[in-house]
Amino acid sequence: MAEKKVSMKVFGMTCDDCVRTVSEGLRSSGARDVSVDLSSGMAHFIIDDAHTEPEKLLTIPAFSGNSHYKGQIRKVE
Amino acid sequence: MPEEYDLVILGRGAAAFSAAIKATELTSGQAKIAMIGVGPLGGTCVNVGCVPSKYLVEAAKSKFEGERQTYPGIIRNRGSLKFDLLIESLRSAVESERMEKYENVIKNYQNVRIFDGKAAFTDPYTVEVINGKDRQTISGFNFLLATGSSPVVPNIPGLPDAGYLTSNDIWGIDDLPDRLAIIGGGFIALELGQSFQRLGSKVTIIKEHNSISKTIDPEFQQAMIKSLEEDGVEFLTGTSVRSAKKSVSGKILTLWAGGKTLDREFDQILVSRGRKPNVSGLNLEKAGIEYSERGVKVDPYLMTSNDRIYAAGDVVDQAYQLETLAAREGSIAASNIYNPEKMKIELNSVPWAIFTEPQFASVGITESMAKKEGIKCTCRTLRIEDIPKGRILNAHNGLFRVIADPDSGKILGVEILAPYAAEMIMEGVHLIRNGAHLEDLVQATHVFPTVAEGIKLTGQSFFRDMSKMSCCME
């Protein structure tokens, strides 16, 4: 199992409810140690690359379809 | 430290604005965007392209229509022209359009900052912006190249000293040239050539080749040239310009045709040899972006060889240079930057037009393109005189052509040379975009009598002898 530390820019968050929605969306898609900051619009989390890839998280319901949140992978370590 | 942005857009024209607005919409206004360029906001189209040229085309048409004997019994008089007033009104119209659709629009976007200056990459995600002595460093996570295009000026000895105009600067003249030479015979040359002729200039179009464009079917090209010749435009085809020089009363071009040289004197020279993508000076190599003199290479999603950098509009290496295409591409590029579902640009259903009279418009493939690319097709052509509204308008030199797959009847292309062709081509766009077949076209009732009925009648001619059909026959 290889862990990846991901930094994601999240556009569209305006309140604490948004932070909660995005955080839960990421957690339910396999991310852990999720930290989302409203003022910077940055989300930091860890994924297990045996189960998912950073880019796949951009297609989870929190960021796709009619969602007004847009995620953009900024850094993967 | 460089200023950091989410999206840095190089260019300030249609593609740039479209991308900035789309990116703002997609990110709920949270993307911090820099838009960098020189010259007035709005780029080619509004300042020196479509807007002033169509203003001139319509003004010239208005003068011409007022003088032309179209119907018996209507007495026409030769109208007089105050060119200085007309060109001032044109410049005023351009200014208004730029203010309304660009300067005032961008004020609504607090997340977009405009920079004046020329940008050049210093590393893959940083540009230096130079404006006189001022230098500023700007970095971005994503970039969009939307730097547009510039007129091509051929290397003709003496031309710079003799003085010439391009489609970028002809809008600054205050006097109507008595004798106007146009070097080149593309779309801009035809539109401006016919317009200046109609306003009173004696226009000579000098072309090395006999064709206007390889993508327009020959019959349409011949009919277009015939229309312009009937207006009085002189075509010197198979003719190249060897040199230029000033004379006491104007400018002399030394022409070469059929093994002979000939000197001709003109008052103004308009160079119209197409437009080249603005790729030089950007240091694209520093960003790992592949390009050539034909433009920036992109994939179907408008991504360059650097996956964080996209390109849109005239700077892209592609078949068309169109304002609407640039705006569409700007929007698609922004969408692909921020959306996981990627969109492709579909050039097949992009319409384009030449605003001569009659107008030419096309969408999809032409018969010439099909032959060249080995695409199996069948086509039918009707003359404008075959259309009742065409006869009512006393129109001539007009043609309608529908190109279809011979097996399935799927419509592959529509070509129109007729009054209002640029308006009517949208029917062809919807037919092609929706994968329509000839049956779909002929089953749709069209308004009678309209020029647009010509598209349907051409579709019907695949199945019937139109000379044996009554009016409005379904």
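How many bridges join S22(B) to strand S23 of chain B? In this predicted model, local features need pLDDT of at least 70 and side-chain atom pairs count only at pLDDT 80 or more, while totals for chains, interfaces and linings use all residues. Residues are numbered from 1 along each chain as its sequence is written, chains are lettered from A and ligands numbered from 1 in the order written, and side-chain values use heavy atoms, without hydrogens and water.

The two strands are joined by 6 bridges and run antiparallel, S23(B) spanning residues 399–404; strands (E, at least two residues) and helices (H or I, at least four) are DSSP runs numbered from the N terminus. Cys379(B) has Ile403(B) of S23(B) as its bridge partner. Both strands belong to an open, antiparallel sheet of 5 strands in chain B, ordered S20-S21-S24-S23-S22, where pairing requires at least two DSSP bridges. Strands S20 (352–354) and S22 (378–383) of chain B stand at the edges with a single partner strand each, so one side of each lacks a neighbour in the sheet. Helix H11 (residues 421–433) of chain B packs on this sheet, touching S20, S21, S23 and S24 of chain B; contact means heavy atoms within 4.5 Å.

Conventions. Axes are lines fitted to C-alpha atoms, for helices over the stretch in contact, and angles run from 0 to 180 degrees between N-to-C directions.
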